[in-house]
Amino acid sequence: MLKYPGFNPIALEIGPVKVHWYGIMYLLGFAGGWWLARLRAARPGSTWKASDVDDLIFYNMLGVILGGRIGYVLFYGLGFWAKDIWYPFKIWEGGMSFHGGLLGTMAAMALYAWRQRRNLGDVFDFTAPLPALGLFFGRIGNFINGELWGKTTTVPWGFEVNGQVRHPSQLYEAVGEGIIVAAIVWWVDAKSHAEGWYRPGTLTATFLIAYGVVRFGLEFTRQPDAQLGFILGPLSMGQLLCLAMILVGVAVAAWTGRRRGKQFVG
């Protein structure tokens, strides 16, 4: 058993200004996504310029923040909203949803593709390998904040929290979502281009399926949100949303498999 150290969620405080660790993790995630995008844009044959990457990351930042908050309110916080009409705007109270952020990012990328006259599938595929560091740092932020703990456990690496030993599900998800899923997507990217079987939509489908499967499995160690509990039998809201992701990913993969020709995505 490990003792949770109880981190101070505020990393820096100067007068009335408070800088939270969670905010720093978001900044690191966006910076990491920008760095990875620049690497992809610099590859031989890429159609992406540095300025294209900068604009894309800006759109994605808006999609993640707005979609993450709106998604949390709709998926997890309707009860809170019913009691407080201003709840969606109280972002300082916490509450961001990955699946909401994903939908927000997809909408932002669609707007970007339309304004830049780029193929939407190419934009999605270019972006698919980029969330890795953001997902990793986001879960580390959850751990520092002492939130989203797992179920009670007897494993020796469990953390004592409020007198109970719990799975460090935030760390599981940091590794699963931020490292394992990323490794799968980057491997498929390299393999499909090297062997000539890449089709537009390949990386989008890979990310949706890989993330959905990994997160679905890890959710079995995580304590469901107190205000919702389990939604369908032993399944949480997060798992139901992951099932939807997997189904969409399979549909994209099927559509991709029927397409002919190859198109390089930076």
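Here are a few friendly notes on the model above, point by point.

1. First, the ground rules. This is a predicted model, in which local features need pLDDT of at least 70 and side-chain atom pairs count only at pLDDT 80 or more, while totals for chains, interfaces and linings use all residues. Residues are numbered from 1 along each chain as its sequence is written, and side-chain values use heavy atoms, with hydrogens and water left out.

2. Start with the largest nonpolar core, which has 18 residues. A nonpolar core here is a set of buried Ala, Val, Leu, Ile, Met, Phe, Trp, Tyr and Cys residues joined through side-chain atoms within 4.5 Å; buried means under 20% relative accessible area, exposed over 50%, and partly exposed in between (1.4 Å probe, protein chains only). Phe98, Leu102, Val181, Phe207, Tyr211 and Met245 touch the most other members. Helices H4 (98-116), H7 (169-195), H8 (202-218) and H9 (237-257) each supply at least two residues, and H8 gives the most, with 7. Helices are DSSP runs (H or I, at least four residues), numbered from the N terminus.

3. Beyond its neighbours within four places in sequence, Phe98 is in contact with Leu135, Phe207, Tyr211, Arg215 and Met245 (contact: heavy atoms within 4.5 Å).

4. Do look at helix H5 (residues 120-127), where 6 of the 8 residues are buried. They are Asp122, Val123, Phe124, Asp125, Phe126 and Thr127, and they pack against H1 (21-41), H2 (50-75), H4 and H8.

5. Finally, Trp86 sits in the loop between H3 and H4. Trp86 is exposed, because its relative accessible area is 56%.
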